[in-house]
Protein chains: 2
Amino acid sequence: MAEQEKNRISVEIYGHTYKMVGTETTGHMRLVASIVDDKMREISVHNPSLDSAKLAVLTAVNSVHELLQLKEQVGALEEELKKLKD
Amino acid sequence: MAEQEKNRISVEIYGHTYKMVGTETTGHMRLVASIVDDKMREISVHNPSLDSAKLAVLTAVNSVHELLQLKEQVGALEEELKKLKD
């Protein structure tokens, strides 16, 4: 496989600047950063006493929870497709 | 809709204890916590100088990136199903 070109950008998440490096487009990386920023701000509204480390952990927890739900959905859709194709 | 019973547990993520409350099973909540803990430890191996707040933010970033990929996959599968059903 040819080596893919890497994109590098700086993004701001919850008041801190992070350097992101990846093979995805910078648009995709900015979108991911803005979703994390939004999630952290939303959680902080409901938990104003949390420090930013715990806030970020809860953001990761919520994202992983959604991730597992989506994985289940993918499994169910694949199963349905398989039945239709058989 | 009847009010769902809420489960409450304490979980440990990257050396800190968090109280989780949710309508999911405690097994699901423990699984989510252990995935976040694993992701944080994996990222810390590659970025040993990061403090835990930034580590948690990067964990959230990785999870949201995976989330977007799965959403695309769900969209593609739904499209394929729709075509087969029409």
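This is a predicted model: local features need pLDDT of at least 70, side-chain atom pairs count only at pLDDT 80 or more; totals for chains, interfaces and linings use all residues.
Start with how the chains relate.

Next, the inside. The largest nonpolar core holds 36 residues, and Ile13(A) and Ile13(B) have the most contacts within it. Strands S1 (7-13) and S2 (16-22) and helices H1 (26-46) and H2 each give at least two residues to this core, in chain A and in chain B. Ile13(A) itself touches residues of both chains: Tyr18(A), Ala33(A), Val36(A), Asp37(A) and Met40(A), plus Val57(B) and Val61(B), leaving aside residues up to four places away in sequence. There is also a second, separate core of ten residues, with Leu70(A), Val74(A), Leu81(A) and Leu81(B) among them.

Then there is helix H2 of chain A, which runs over residues 52-85. At 1.5 Å a residue, its 34 residues should span 50 Å, and the end C-alpha atoms sit 49 Å apart, so the two figures agree. At the start of H2(A), a side-chain oxygen of Asp51(A) comes within 3.1 Å of the backbone nitrogen of Ala53(A).

Leu55(A) lies in this helix. With a relative accessible area of 1%, Leu55(A) counts as buried, because the cut-off is under 20%. Beyond its neighbours up to four places away in sequence, Leu55(A) touches Tyr14(A), Met40(A), Ile43(A), Ser44(A) and Leu50(A).

Note on methods. Residues are numbered from 1 along each chain as its sequence is written. Chains are lettered from A and ligands numbered from 1 in the order in which they are written. Side-chain values use heavy atoms; hydrogens and water are left out. Helices (H or I, at least four residues) and strands (E, at least two) are DSSP runs, numbered from the N terminus. Buried means under 20% relative accessible area, exposed over 50%, partly exposed in between (1.4 Å probe, protein chains only). Contact means heavy atoms within 4.5 Å. The expected span of a helix is 1.5 Å times one less than its number of residues. A polar contact is a pair of N or O atoms within 3.5 Å; within protein, one must be able to donate a hydrogen and the other to accept it, and residues adjacent in sequence count only if both atoms are side-chain atoms. A nonpolar core is a set of buried Ala, Val, Leu, Ile, Met, Phe, Trp, Tyr and Cys residues joined through side-chain atoms within 4.5 Å.
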